[in-house]
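Look at the sequence and the model below before reading on. The text then walks through the structure, starting from a single residue.

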Amino acid sequence: MLSYLDHCKASGSKPLFHLKSKGPLTAKFFRYSLHRILRRSGFSPSHFNTHSFRIGAATAAAKVGLSSTEIMQLGRWRSPAFQDYIHHTPAHTAAAARMAAAP
């Protein structure tokens with residue numbers, strides 16, 4: 001994986017994950033590949049959705065402190081709708097409450 005990341009860094013501004021044609025992965029290709037891998041692994045694809053990756057990415061980005069603007073760019077959101085995807089743990093909510101109460 002590190003070798004792949006080094007290769008991608010050296011190739012400039014191309015997408016990190018792309019098709020053999022060098023174009024970005026399409027939602028259709030990603031969904032097909034995900035379902036194929038799940039079936040081969042013995043899981044039912046009906047329990048998984050590609051949307052889960054957007055939820056996970058938004059949640060992880062918020063957890064490490066990315067700004068709203070950065071999260072919107074990461075997920076190609078044009079509105080603050082991404083905020084509905086972020087899953088907060090009880091510990092995260094408690095930390096936010098402490099920060100809000102601090103002088």
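In which helix is alanine 61 found? Alanine 61 is found in helix α3. The model that shows this is a predicted one. With a relative accessible area of 5%, alanine 61 is buried, because the limit for that class is under 20%. Apart from neighbours within four places in sequence, alanine 61 is in contact with Leu66, Ile71 and Leu74.

The protein has 103 residues, of which 16% count as buried. Among contacts between residues at least 6 apart in sequence, 19% join residues at least 24 apart.

Helix α3 itself has 13 residues, and the distance from its first C-alpha to its last is 18 Å, close to the 18 Å expected at 1.5 Å a residue. Its buried residues are Ala58, Thr59, Ala61 and Ala62. Viewed down the axis of α3, these buried residues fall within an arc of 165°, and they therefore line one face of the helix. The buried residues of α3 pack against α4. After α3 comes glycine 65, which has a positive phi near 95°.

Threonine 59 is another residue of α3, a helix that covers residues 51-63. Is threonine 59 buried or exposed? Its relative accessibility is 18%, so threonine 59 counts as buried. Residues up to four places away in sequence aside, threonine 59 touches Tyr85, Ile86 and His87.

Ser33, Leu34 and Leu38 are buried in α2. Down the axis of α2, the buried residues fall within an arc of 130°, so they line one face of the helix. On the face turned away from that buried side, α2 carries the exposed residues Lys28 and Arg40. The cover over the buried residues of α2 includes α3. Just after α2, glycine 42 takes a positive phi of about 90°.

Now to the nonpolar side chains. In soluble globular proteins, such side chains tend to be buried together. Which residues form the largest nonpolar core here? It has seven residues: Ala58, Ala61, Ala62, Ile71, Trp77, Phe82 and Ile86. The largest share of this core, three residues, comes from α3. Phenylalanine 82, one of the core residues, is in contact with Ala58, Ser68, Ile71, Met72 and Trp77 when its neighbours within four places in sequence are left aside.

The aromatic rings give another view. A pair of aromatic rings is described by the distance of the centres and the angle of the planes. How many aromatic pairs does a search of the whole structure find? The search finds four. One of them joins phenylalanine 43 and phenylalanine 48, whose ring centres are 6.1 Å apart with 80° between the planes, an edge-to-face arrangement. Phenylalanine 43 is partly exposed, with a relative accessible area of 47%, and phenylalanine 48 is also partly exposed, at 37%. Tryptophan 77 and tyrosine 85 form a tilted pair, 5.6 Å centre to centre and 40° between the planes. Tryptophan 77 has a relative accessible area of 12% and is buried. Ring pairs link Trp77, Phe82 and Tyr85 into a cluster. Arginine 54 lies over the face of tryptophan 77, at 4.2 Å from the ring centre.

Where is arginine 76 placed? Arginine 76 is in the loop between α4 (68-75) and α5 (90-101). Although arginine 76 is not a glycine, it has a positive phi of about 55°. Its relative accessible area is 73%, and arginine 76 is exposed.

Methods. Residues are numbered from 1 along each chain as its sequence is written. This is a predicted model: local features need pLDDT of at least 70, side-chain atom pairs count only at pLDDT 80 or more; totals for chains, interfaces and linings use all residues. Side-chain values use heavy atoms; hydrogens and water are left out. Helices (H or I, at least four residues) and strands (E, at least two) are DSSP runs, numbered from the N terminus. Buried means under 20% relative accessible area, exposed over 50%, partly exposed in between (1.4 Å probe, protein chains only). Contact means heavy atoms within 4.5 Å. The arc is that of the directions from the helix axis to the C-beta atoms. A nonpolar core is a set of buried Ala, Val, Leu, Ile, Met, Phe, Trp, Tyr and Cys residues joined through side-chain atoms within 4.5 Å. Rings of Phe, Tyr and Trp (its six-membered ring) pair if their centres lie within 6.5 Å; planes under 30 degrees apart count as stacked, over 60 as edge-to-face and the rest as tilted. A charge sits over a ring if NZ of Lys or CZ of Arg is within 6 Å of the ring centre and within 35 degrees of the ring normal. The expected span of a helix is 1.5 Å times one less than its number of residues.
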